[in-house]
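I opened this model to look up a helix, a pocket and a record annotation. My notes follow in the order I took them.

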Amino acid sequence: MAFNAPALATPARCTADFSLIPIGHQTTSFSQQIADVQRLVQQTGLKFMMHSTGTTVEGPWDQVMQVIGWAHTLIHQQGIARIQTDIRITTRTDKVQPMEGNVASVERILAVT
């Protein structure tokens, strides 16, 4: 069955929060692989921030999705046969709001109360 793509384009920019989850890995530590993914993301030049349960990356949609795919490939090349990834993606059409803007909005509210 052929897929007829609609006459739509992907959003221009996005912020994606992703977390790679190795399945069937021999140890409970995944720190080395996380460090390798962080080096990979850093090399892309995209804005990113690591946090305790994943990485947030911001930029053009296609580049953000590509770096998540590269992260999968990198980890597969290290012998992890199966990876599950949780991804949350934010897009906006009304204004440009960098990832720090989301946090700053909440911090302003907290400062008042």
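This is a predicted model: local features need pLDDT of at least 70, side-chain atom pairs count only at pLDDT 80 or more; totals for chains, interfaces and linings use all residues.

I listed the buried residues of H2 as Trp61, Val64, Val67, Ile68, Ala71, His72 and Ile75. Viewed down the axis of H2, these buried residues stay within an arc of 145°, so they line one face of the helix. I recalled that an α-helix has 3.6 residues a turn, so residues three or four places apart point the same way. On the face of H2 turned away from the buried side I found the exposed residues Asp62 and Gln77.

Next I checked the dimensions of H2. The helix runs over residues 61-77 and has 17 residues. From first C-alpha to last I noted 25 Å, close to the 24 Å expected at 1.5 Å a residue.

I then picked out Val64, which sits in helix H2. Its relative accessibility is 0%, and because buried means under 20%, Val64 counts as buried. I also looked up the pair Val64 and Ile89: they are 25 residues apart in sequence, and their C-alpha atoms are 9.9 Å apart in space.

I turned to the largest pocket and noted a volume of about 300 Å³. It is lined by 15 residues, of which Arg13, Cys14, Arg92, Lys95 and Gln97 are the closest to its centre. By class I recorded five nonpolar, six polar and four charged residues in the lining of this pocket. Strand S1, residues 13-23, gives the most to that lining, with three residues.

Last, I read the record. The unreviewed UniProt entry carries the annotation "domain: Thiamine-binding protein" over residues 16-107. For residues 16-107 I noted 43% helix and 32% strand, with the end C-alpha atoms 21 Å apart.

Note on methods. Residues are numbered from 1 along each chain as its sequence is written. Side-chain values use heavy atoms; hydrogens and water are left out. UniProt positions are given in the numbering used here, feature names are shortened, and annotations may be inferred rather than shown by experiment. Helices (H or I, at least four residues) and strands (E, at least two) are DSSP runs, numbered from the N terminus. On a 1 Å grid over the protein atoms alone, a cavity is a set of points where a 1.4 Å probe fits but cannot get out, and a pocket is an open set with protein on both sides within 12 Å along at least five of seven lines; lining residues have an atom within 4 Å of a point. Grid points are joined across faces, edges and corners, and a volume is the space filled by probe spheres set on the points. Ala, Val, Leu, Ile, Met, Phe, Trp, Tyr, Cys and Pro count as nonpolar, Asp, Glu, Lys and Arg as charged, and the others, Gly among them, as polar. The expected span of a helix is 1.5 Å times one less than its number of residues. Buried means under 20% relative accessible area, exposed over 50%, partly exposed in between (1.4 Å probe, protein chains only). The arc is that of the directions from the helix axis to the C-beta atoms.
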